[in-house]
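Biologist: I would like to learn how to read a few features of a protein model. Could we go through them slowly, with the model in view?

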Amino acid sequence: MTLAKPTFPAPDHDHRRCTADALQHAERVCARRSQKFTPIRRHVLEALLSSHRPLGAYEVIEALAKTMPRPAPITVYRALDFLMENGLVHRIESRNAFLACAHDHDEAAMVAFLICERCGLVGEVPVAPIAQSLQTSARATGFAPRMSIVEITGVCAHCQN
């Protein structure tokens, strides 16, 4: 995973550019994988890209309902599943919410989520060496790890200043 973007964007960053870049990234990923980036998938991703905070599925539905007929929950969940399978969205387990991702990795990449307790922003950092060590330790006990999610709460640098 390459971190071309800062972990936490500056409060005054060009969010329109940020969103446009993420949508272009999603288009490239889908084209490379011969996947269809349907209008509903695009709308769901755009809703998640509206901020750098995770949204629950029903918050996504509410956001979409402002500009289009209210989609059925199953439609949004299917779009979220597709976006997660293609590494374009992550699920933040502790928040039961979803976060858009513009990093170049797939759904199996090992990352940690840094969750700011003050502003709600979520950053993403690679943790492959640490996660590999945890998996090795788990396997040594006979345990077969299937999924590893690391979520760290604290205060981002912007909120500390």
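Biologist: In which strand does Val-122 lie?

Modeller: This is a predicted model, in which local features need pLDDT of at least 70 and side-chain atom pairs count only at pLDDT 80 or more, while totals for chains, interfaces and linings use all residues. Residues are numbered from 1 along each chain as its sequence is written, and side-chain values use heavy atoms, with hydrogens and water left out. Strands are DSSP runs of E, at least two residues long, and helices are runs of H or I with at least four, both numbered from the N terminus; Val-122 lies in strand E4, residues 122–126.

Biologist: Is Val-122 buried or exposed?

Modeller: Buried means under 20% relative accessible area, exposed over 50%, and partly exposed in between, using a 1.4 Å probe and protein chains only. Val-122 has a relative accessible area of 8%, so this residue is buried.

Biologist: Which residues is Val-122 in contact with, leaving aside neighbours within four places in sequence?

Modeller: Contact means heavy atoms within 4.5 Å, and the partners of Val-122 include Thr-7, Phe-8, His-52 and Ile-92. Thr-7 and Val-122 are 115 residues apart in sequence, yet their C-alpha atoms are 8.3 Å apart in space.

Biologist: How do H3 and H4 pack?

Modeller: Two packed helices are described by the angle between their axes and the distance between the axes. Axes are lines fitted to C-alpha atoms, for helices over the stretch in contact, and angles run from 0 to 180 degrees between N-to-C directions. For H3 and H4 the angle is about 110 degrees, with the axes 10 Å apart. Because angles of 65 to 115 degrees count as roughly perpendicular, under 35 as roughly parallel, over 145 as roughly antiparallel and the rest as oblique, H3 is roughly perpendicular to H4.
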